[in-house]
Amino acid sequence: MNTIQPKFFANIKEDMKNSLQFKLGVVTKIVFKKMNAQLVQEGIPVLAEQLPILMVVYFQEHAMTQQEIANLLQKDKAGIQRSVQTLHKDGFLKIESDIEDKRKNLVTLTPSGKFVCERIQAMVIAFDNRVMEHFTDEERKTFIGYLDRVAAVAGE
């Protein structure tokens, strides 16, 4: 089996190299690097790390608070606020004060944000298809099932 071992893992013991944390870290780093390069190539000024925020807002039928976004993504509110502010400055998100509770901000997509989300969704699907074409349908289902199970067990 062809495995990818970045140079910084060269001196790490075999059991650590093959640990779940390291393997998922390597895959995440590679996927985000490829996605960021593709976003730059497409002229989309968004980082792969910001995609979950955009997509959560895109798929909601109502405005969301920053806390709701943080809860859904299981991220800290401060990190979400920084990304939301950046995406707002870039013209992809609209931030308005909640009429009922002025301490809360409601986040929605701008028309530009919706357009970018549609382009990103197409890119993500194409990337997923490029990777998954190397798996049979059964392998893909099994792989996704394993990832779901890891997420469930690790989240306990």
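## Starting at Phe143

Let's begin with Phe143, which is partly exposed at a relative accessible area of 34%. Phe143 sits in helix H7. Keep in mind that everything here comes from a predicted model.

How many aromatic pairs does a search of the whole structure find? The count is 2. In one of them, Tyr58 and Phe59 have ring centres 4.8 Å apart and planes at 75 degrees; that angle is over 60, so the pair is edge-to-face. Phe143 belongs to a stacked pair with Phe135, with 5.7 Å from centre to centre and 20 degrees between the planes. Phe135 is partly exposed too, with a relative accessibility of 33%.

## The nonpolar patch

Both rings of that stacked pair turn up again in a nonpolar patch on the surface. The members are Leu20, Leu24, Val131, Phe135, Phe143, Ile144 and Leu147, and together they have about 510 Å² of accessible area.

Which helices each supply at least two residues of the patch? They are helix H2, covering 20–41, and helix H7, covering 137–154. H7 gives the most, with 3 residues.

## The sheet

Now for the strands. There are 3 of them in an open sheet, ordered E1-E3-E2, and the pairing is antiparallel. The edges are taken by strand E1 (64–65) and strand E2 (93–97); each has a single partner strand, so one side of each is left without a neighbour in the sheet.

How many bridges join E1 to E3? E1 and strand E3, residues 105–109, pair in the antiparallel sense over 2 bridges.

Leu72 lies in helix H4. Is Leu72 buried or exposed? Leu72 is exposed, because its relative accessible area of 52% is over the 50% cut-off. Leaving aside residues up to four places away in sequence, Leu72 touches Val56, Gln60 and Met64. As for Phe143, its C-alpha atom is 23 Å from that of Leu72, and the two residues are 71 positions apart along the chain.

Gln74 is worth a look if you care about backbone angles. Gln74 is not a glycine, yet its phi is positive, at about 55 degrees. Where does Gln74 sit? Gln74 is in the loop between helix H4 (66–73) and helix H5 (77–89). Its side of the story on accessibility is simple: Gln74 is exposed, with a relative accessible area of 75%.

## The whole protein

Zooming out, the protein has 7 helices and 3 strands. Read from the N terminus, the elements go α-α-α-β-α-α-β-β-α-α. The C-alpha trace spans about 55 × 35 × 35 Å along its principal axes.

What share of the 156 residues counts as buried? That figure is 28%. The accessible surface of the protein is about 11,100 Å², and carbon and sulfur atoms account for 56% of it. On the contact side, take the contacts with a separation of 6 or more: 44% of them are between residues 24 or more positions apart.

Note on methods. Residues are numbered from 1 along each chain as its sequence is written. This is a predicted model: local features need pLDDT of at least 70, side-chain atom pairs count only at pLDDT 80 or more; totals for chains, interfaces and linings use all residues. Side-chain values use heavy atoms; hydrogens and water are left out. Rings of Phe, Tyr and Trp (its six-membered ring) pair if their centres lie within 6.5 Å; planes under 30 degrees apart count as stacked, over 60 as edge-to-face and the rest as tilted. Buried means under 20% relative accessible area, exposed over 50%, partly exposed in between (1.4 Å probe, protein chains only). Patches are made of residues with over 30% relative accessible area and no salt bridge: like charges are joined within 9 Å, nonpolar side chains (Val, Leu, Ile, Met, Phe, Trp, Tyr) within 5 Å. Accessible areas come from the Shrake-Rupley method with a 1.4 Å probe; for residues, only the protein chains shown count as cover. A salt bridge is a side-chain nitrogen of Lys or Arg within 4 Å of a carboxyl oxygen of Asp or Glu. Helices (H or I, at least four residues) and strands (E, at least two) are DSSP runs, numbered from the N terminus. Two strands pair if DSSP finds at least two bridges between them. Contact means heavy atoms within 4.5 Å.
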